[in-house]
Amino acid sequence: MEKKKCPQCKNLILKTSPTCLYCGRPNKFMTKEYVNKKWNEENNKNVFDYIFINKYLIFILIFIFTIVIIIIS
């Protein structure tokens, strides 16, 4: 693995790490691409799953409720 010096604290860090482990400074070469890629993947996936699951839960609850009403009547 290739390492480079952190410009702020002068410790060696990996070029692929998003931030410096010692001082927390973002790694210029990786941060923008890394954050945008991770944010878009997680954000889109979570929103889709949340909407998808809620629609099915509401449908199932309404279906069960109507069946109970029909049985009771």
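Here is a chat about a predicted model of a protein.

Student: Hi! What elements does the protein have?
Tutor: Hello! The protein has 1 helix and 2 strands. Keep in mind that the model is predicted.

Student: In what order do the elements run from the N terminus on?
Tutor: They go β-β-α. Strand β1 covers 3-5 and strand β2 covers 12-14, while helix α1 takes in residues 31-72.

Student: How much of the protein counts as buried?
Tutor: Of its 73 residues, 8% count as buried.

Student: And what about the accessible surface, how much is there?
Tutor: The accessible surface comes to about 6800 Å². Carbon and sulfur atoms account for 67% of that.

Student: Which residues make the nonpolar surface patch?
Tutor: The patch is formed by Tyr56, Phe59, Ile60, Phe63, Ile64, Ile67, Val68, Ile71 and Ile72. Its area is about 940 Å².

Student: Let me pick isoleucine 64 from there. Where does isoleucine 64 lie?
Tutor: You'll find isoleucine 64 in helix α1. Its relative accessibility is 45%, so isoleucine 64 counts as partly exposed.

Student: New topic: how many aromatic pairs does the structure hold?
Tutor: There is 1 aromatic pair in the structure. It joins phenylalanine 59 and phenylalanine 63, whose ring centres are 6.4 Å apart.

Student: Why is the pair called stacked?
Tutor: Because the planes of the two rings, phenylalanine 59 and phenylalanine 63, are at 15°, and planes under 30 degrees apart count as stacked.

Student: How far apart are phenylalanine 59 and phenylalanine 63 along helix α1?
Tutor: They are 4 residues apart in helix α1, which means about one helical turn separates them.

Student: Is phenylalanine 59 buried or exposed? And how does phenylalanine 63 count?
Tutor: Phenylalanine 59 counts as exposed, at 54% relative accessibility. Phenylalanine 63 has a relative accessible area of 47%, so that residue is partly exposed. The cut-off for exposed is over 50%.

Student: Where is lysine 10 placed, and is lysine 10 buried or exposed?
Tutor: Lysine 10 sits in the loop between β1 and β2. With 53% relative accessibility, lysine 10 counts as exposed.

Student: Last one! Among contacts between residues at least 6 apart in sequence, how many join residues at least 24 apart?
Tutor: In this protein, 2% of those contacts join residues at least 24 apart.

Definitions and conventions. Residues are numbered from 1 along each chain as its sequence is written. This is a predicted model: local features need pLDDT of at least 70, side-chain atom pairs count only at pLDDT 80 or more; totals for chains, interfaces and linings use all residues. Side-chain values use heavy atoms; hydrogens and water are left out. Patches are made of residues with over 30% relative accessible area and no salt bridge: like charges are joined within 9 Å, nonpolar side chains (Val, Leu, Ile, Met, Phe, Trp, Tyr) within 5 Å. Accessible areas come from the Shrake-Rupley method with a 1.4 Å probe; for residues, only the protein chains shown count as cover. A salt bridge is a side-chain nitrogen of Lys or Arg within 4 Å of a carboxyl oxygen of Asp or Glu. Buried means under 20% relative accessible area, exposed over 50%, partly exposed in between (1.4 Å probe, protein chains only). Rings of Phe, Tyr and Trp (its six-membered ring) pair if their centres lie within 6.5 Å; planes under 30 degrees apart count as stacked, over 60 as edge-to-face and the rest as tilted. Contact means heavy atoms within 4.5 Å.
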